[in-house]
Amino acid sequence: MTVEKLTATTESESEKKEKLVKGLEGVVALESKISSIIGSVLTYRGISIDELAEKASYEEVVYLLWYGKLPTRAELDDFNKQLGNSGAIPEAVQQMIKNFPHNSHPMDTLRTAISALGLYDPDTAEMSHEANIRKAIRLTAQTPTVVAAIHRAKNNLEIVQPRPNYSIAANFLYMLDNKEPDAIAIKAVDTALVLHADHELNASTFCARETVSTLTDMHSGIVSAIGTLKGPLHGGANEAVMKMLLKVGSVDKIDQFIHDALANREKIMGFGHRVYKNGDPRAKHLRRMSENLGKLKGDTRWYEMSVRIDEAVTRDKGLLPNVDFYSASTYYTLGIPIELFTPVFACSRISGWVAHILEQYADNRLIRPRAEYTGPIDQHYIPIEERV
Ligand code: COA
């Protein structure tokens, strides 16, 4: 492009400057029928998350997200069977997981293992809707297997194979510890999976849609999403919350800790939200779970510390807890290793990513926004001998 043309383009673009929205806050980028956030009400396909958290199984929610309706008994039985038969991962990927550096973070190894699963999936390059549904089922069933395998391999334990007749929540807990999970733990994980399954156009979902809008394959979209979920401003916050609880150590140190952190303009993980300004509707469910599990296990310390932090941050900064805040103490009380908190989020959100990928494929247009150029113009090539 000549300098004149570049200048002309830049000038005409500068007229649009007022349209730039940093962080895309409030920008509506596409239409979706999957989940909605209206005020502080989150719905999946129009059904309130409050109702689903109380009444639905995770598998029912996955079906709802993908097919737009709750399954009949026969449809759910068939869907459960398909998921149950799809959780195994190829021997080569198990071997790869065993060879990963044991000190790597499970979100990094999860991202890499899901990418590797694409190499072995019989439908990777097949883009028909039927093939995409087959991949969706495999990816949703395989992700918890991969996360459990990563944990086992890192700790020099034998990888446990999934059981076809177990739910996703039960299978995950079983493969993690190689023992029968108790009903309370299964119910808690199942509810957590329901609560994390989808969330409109959050950062990782946007990345998944952005990626597949080039008409690349589903595994590529999911790999993009996992890399995005990992960050502490998104799914990585639940791990950061637990590290904060452990660092503070006791209830009596909380007020000072929060005061100092806010005075230093540090972010308190698990608080604030781009969309919810009057509270995240998922937080109250996780708070209740954290309390109930604490009481059942005879250790409410992490719940009590969380409540005190919640009160301090609300009082001192006016910020409310988001989904990641009480999920930290919930998972910790369940005995889930801290570095698996964000991978557990991925085990659930994969269903939402897939729903959005399917919706994107069904009515695709390349997602390609613009940037406002603020760099220099009218520059020239300088021979290397003349450069300073
Ligand atoms: N702790 C302390 N201050 C916070 C905060 C937090 N968790 N979240 C937001 N703020 C403050 C910011 O410092 C900023 O203050 P300022 O205007 O004085 O500079 C203001 O609130 C706006 O925050 P900003 O980061 O611009 O909001 P955002 O919409 O871009 O970001 C989050 C939303 C979720 C990324 C942000 O609230 C955050 O970083 N939270 C902690 C991470 C987290 O829990 N992520 C999981 C989200 S589900």
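Select Asp 50. At 30% relative accessibility, Asp 50 counts as partly exposed. The class runs between buried (under 20% relative accessible area) and exposed (over 50%), with a 1.4 Å probe and protein chains only. Accessible areas come from the Shrake-Rupley method with that 1.4 Å probe, and for residues only the protein chains shown count as cover.

Before moving on, note the source. This is a predicted model, in which local features need pLDDT of at least 70 and side-chain atom pairs count only at pLDDT 80 or more, while totals for chains, interfaces and linings use all residues. Residues are numbered from 1 along each chain as its sequence is written, and side-chain values use heavy atoms, with hydrogens and water left out.

**Salt bridges**

Asp 50 and Lys 284 form a salt bridge, with 3.1 Å between the closest N and O atoms. This pair ties together distant parts of the chain: Asp 50 sits in helix H2 (residues 49-55) and Lys 284 in helix H14 (residues 283-297), 234 residues apart. The term salt bridge here means a side-chain nitrogen of Lys or Arg within 4 Å of a carboxyl oxygen of Asp or Glu. Helices (H or I, at least four residues) and strands (E, at least two) are DSSP runs, numbered from the N terminus. Lys 284 is partly exposed, at 38% relative accessible area.

Go next to Asp 255 and Arg 308. Their salt bridge has its closest N and O atoms 3.6 Å apart. Here too, distant parts of the chain are linked: Asp 255 belongs to helix H13 (residues 254-263), Arg 308 to helix H15 (residues 301-317), and 53 residues separate them. Asp 255 is partly exposed at 31%. Arg 308 is also partly exposed, at 29%.

Now pick Glu 75 and Lys 69. The closest N and O atoms of this salt bridge are 2.7 Å apart. Glu 75 has a relative accessible area of 28% and is partly exposed. Lys 69, at 37%, is partly exposed as well.

Then select Asp 121, Asp 123, Arg 134 and Arg 138 together. Salt bridges link these four residues in a network. The structure holds 18 salt bridges.

**The ligand**

Which of the 18 residues around the ligand come nearest? They are Lys 267, Ile 268, Gly 270, Phe 271 and Arg 274. A residue counts as near if one of its heavy atoms lies within 4 Å.

A backbone N or O atom of Gly 270 lies 2.8 Å from a ligand oxygen. In the side chain of Arg 265, an N or O atom is 3.1 Å from an oxygen atom of the ligand. A polar backbone atom of Phe 271 is 2.8 Å from a ligand nitrogen. On its own the ligand has 850 Å² of accessible area, and the protein covers 69% of that.

**A surface patch**

Select Val 21, Leu 24 and Val 27. They make a nonpolar surface patch of about 210 Å². Patch residues have over 30% relative accessible area and no salt bridge; nonpolar side chains (Val, Leu, Ile, Met, Phe, Trp, Tyr) are joined within 5 Å, like charges within 9 Å. Val 27 lies in the loop between helix H1 (3-14) and strand S1 (35-38). Val 27 is partly exposed, at 38%.

**The whole chain**

Zoom out. The protein chain has 17 helices and three strands. Its C-alpha trace spans about 70 × 55 × 45 Å along the principal axes. Of its 388 residues, 49% count as buried.

Notes. A polar contact is a pair of N or O atoms within 3.5 Å; within protein, one must be able to donate a hydrogen and the other to accept it, and residues adjacent in sequence count only if both atoms are side-chain atoms.
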